[in-house]
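Hi everyone, thanks for making time this morning. Let me put a model up on the screen and walk you through a few parts of it.

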There are 2 protein chains.
Amino acid sequence: MGGDFGPPVIVHGVELALKRMSGREVRFLLHGDETRIAAELAKYPAAKAASQIRHTAQVIAGDEKPAQALRRGKGSSMWNAVEAIRAGEADAAVSSGNTGALMAISKLILRMAGGLERPAIVASWPTLRGITALLDVGANIECDAAQLVEFAIMGEAFYCAVHGGPDCHPTVGLLNVGSEDQKGHEEVREAHRLLREGQIELNYHGFVEGNDIAKGTVDVVVTDGFTGNVALKTGEGLARFFVASLKEALGSSLTAKAGAMLAMGGLKKLRAKLEPPGGGPFLGLNGAVVKSHGGANARSFADAIKMAADLASSGYAGQIARNMDRLSIALKQAKEGVETAT
Amino acid sequence: MGGDFGPPVIVHGVELALKRMSGREVRFLLHGDETRIAAELAKYPAAKAASQIRHTAQVIAGDEKPAQALRRGKGSSMWNAVEAIRAGEADAAVSSGNTGALMAISKLILRMAGGLERPAIVASWPTLRGITALLDVGANIECDAAQLVEFAIMGEAFYCAVHGGPDCHPTVGLLNVGSEDQKGHEEVREAHRLLREGQIELNYHGFVEGNDIAKGTVDVVVTDGFTGNVALKTGEGLARFFVASLKEALGSSLTAKAGAMLAMGGLKKLRAKLEPPGGGPFLGLNGAVVKSHGGANARSFADAIKMAADLASSGYAGQIARNMDRLSIALKQAKEGVETAT
């Protein structure tokens, strides 16, 4: 029921995701208003065949505060989608509803995995070299050094689960305003020290800067949720600016228009490459929850579904479990470090 | 002598700037190695006619710390360029040397204007609606609410001096991760309250998000130097990614290549629009100092020169002076506010 458009986009997204994942057995529980969902399913035979409707009339509004959502959200479509993971009925949940509410409900129902403190939201960013995972992009506005180290470990596991192959050893960088050790504020300098000197078997590259994201200098870029959210949204705004400027440039004369017609195939590929990532998974929970953009269209909702399916069927949970040892060492070191520093 | 390329780019930049500002009387003092500068001036007659060389053999290295630069920098080319403003020999200084050193030397020699606490670096960002000024992009890694309010006032004055016309009332937004009052960390919430409720006659729009920068939602975007630096460099990286992806897309087939040939004129215009801003002025000083990119080419160094000339010949200093009253009220309010909050 979530997002700016509700069932029409969600159900269409299910249809597109099924086409994209043909050969894989994927089924859906659609939580929400039965009449509205059934009306949409009638238009999409593949989605209809793969889906069951779980009726509820209750929804969480886009402007509801997380605390309100926890108090009043039980039985809502969002709540039931996450609860289905805990109950073992579903392997993953996807929602384009209220982000804060989805985060609060997911934490309450699924709880954090292992020794992890807080979830992080990760965005997969197209780069000159492939994909870079950026986290946190909005769940944690202020982060201490220990949390940044947690993000590095979660980010590595996510990257291998969704974007990596076998023998995956992604490089990890810490976002800063320069590459020298003394740059940045205390939290990043302390996290840098821990990642470099700690007993964490991580392929740590060191500090990276904003331009390294699109350059693809590292596979995983770690930052606090304030900076990451600004970077992600700045990028989304720029992608839209680029597409609009390109259209203007190509419509500026008759010859340019003719050229654009000929170049159409290439330009379409470019446009697909510049689209903002479809899904931002919440990392660190006992279960795969993916937040899709509120303004997502069917294609980008399908991306979010595929991301959720990849996460759920991958070794992500196992990788996190295997990493628990070094994670707890890192956290212990981080905490000692922070206590020494403060 | 600064930047990755030294005199060849700087002197070529002077030549380009003179062409771009034809009709305006602009003259140059070129500080540095006389032999090397003279050799370059021999290639550019216009630059030669408009320039005097001020010889010094001393330079500040790119990796020198600000404190070192202050101790050992006297008599260097950078020092002399800033000192010429104080001595009344120059109206502005432009350098593509070590940013930290330039900032420290400028603060020491020129001092802060009026009641301002710290300088800020401002970047002028192309948007769907024109130009948006973003500050701070790197001078202040951590900022309290009072400083953010200062940036709003400096940014407004800068915008009117360089990008605005007569009757300039630019809109100002505060960068955050959402538009609701309770979003973000304490510093941005407190600055938001001051800008909205304080007796500051500013056209304050409220919170903006990363995507609002390229959208051009407001004329001036205010943020701390860490976030602003990451946003700016993320944007620079994406612009390069976009140009590279466009080239790839247009070279992907023979028809696409033919189309690109036809569309060349439009694409060239686009490329110019996507180039990163040439100069980042330091705001808040008694004098116009513009930092050009270390990797600047002659064209972008010429942009920085033009920016410096515009700042020096505009009413920027006067506007700051006229704003001193509301600035001191704002600062007083900000300080009381911060004390109440802590």
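I'll start with how the chains relate, then visit a strand, a helix and a histidine.

A quick word on conventions: this is a predicted model, in which local features need pLDDT of at least 70 and side-chain atom pairs count only at pLDDT 80 or more, while totals for chains, interfaces and linings use all residues. Residues are numbered from 1 along each chain as its sequence is written, chains are lettered from A and ligands numbered from 1 in the order in which they are written, and side-chain values use heavy atoms, leaving out hydrogens and water.

Now to chain A and strand β4, residues 120-126. Strands here are DSSP E runs of at least two residues, helices are H or I runs of at least four, and both are numbered from the N terminus. How many of the residues of β4(A) are buried? Seven of its seven, where buried means under 20% relative accessible area with a 1.4 Å probe, protein chains only. Ala120(A), Val122(A), Ser124(A) and Pro126(A) lie on one side, with Ile121(A), Ala123(A) and Trp125(A) on the other.

What does β4(A) pair with? Pairing requires at least two DSSP bridges. Antiparallel to β4(A) runs β9(A), residues 279-283, joined by two bridges, and Ile121(A) stands opposite Phe282(A) there. With β5(A), residues 131-135, there are five bridges, again antiparallel, and Val122(A) faces Leu135(A). β4(A) and β5(A) make a hairpin with four residues between them, and Gly130(A) in the turn has a positive phi of about 150 degrees.

Over in chain B, the buried residues of helix α1(B) include Val11(B), Val14(B) and Leu18(B). The buried set packs against β1, α2, α3, β2 and α12 of chain B.

Last stop: His192(B), in helix α8 of chain B, residues 186-197. His192(B) is buried, at 5% relative accessible area. Beyond its neighbours within four places in sequence, its contacts (heavy atoms within 4.5 Å) are Leu174(B), Asp181(B), Tyr204(B), Gly206(B) and Phe207(B). Thanks, everyone!

Methods:
Buried < 20%, exposed > 50% of the residue type's maximum accessible area, 1.4 Å probe, protein only.
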